Amino acid sequence: MAVIWPFSASDLKSGLPPRGPVDRRVLLRKWLFGLGAVTLVIAAGFLGAQLGRIAAPTVVRWQVDMVDSTNQAPPLPHLPQSPFAR
C-alpha cells in the first residue's frame, strides 16, 4: 500500500487511512466540472437551435416538393361564361 503522508500505527489499525476533510481543491474541481457540463449543455442547445433555423427553409421546401410531386391538384370548378368575354 502506497502511503502519501505519514501515519502512525494506530491510524492504520483498520487497514484504511483515516478520511480527511474535503479538500477545497477537490470541491472547486467538482464545481468547475458541473459548471462546464451545464455550459456544454447550453451551448449544444444554442447550436442546435441555430442549425434548426438555418435548415428549416430547406426542410420545408423539400417537404412541399415531396407532397406536390405525389399529389395531383383537384380539378377546377365549372365557372359560368363571363359576360365580358368576346
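The fold, surface and side-chain contacts of one protein chain are described here. The model is predicted; local features need pLDDT of at least 70, side-chain atom pairs count only at pLDDT 80 or more, and totals for chains, interfaces and linings use all residues. Residues are numbered from 1 along each chain as its sequence is written, and side-chain values use heavy atoms, with hydrogens and water left out.

Helices (H or I, at least four residues) and strands (E, at least two) are DSSP runs, numbered from the N terminus. Helix H1 covers residues 24–70. H1 has a kink of about 45 degrees at Ala55, shortly before Pro57. The bend is the angle between axes fitted to the seven residues ending at a residue and the seven starting there.

Of the 86 residues in the chain, 0% are buried. Buried means under 20% relative accessible area, exposed over 50%, and partly exposed in between (1.4 Å probe, protein chains only).

The structure contains one salt bridge. Arg25 and Asp23 form this contact through their side chains, at 3.3 Å from N to O. The criterion is a side-chain nitrogen of Lys or Arg within 4 Å of a carboxyl oxygen of Asp or Glu. Arg25 is exposed, at 54% relative accessibility. Asp23 is partly exposed, at 33%.
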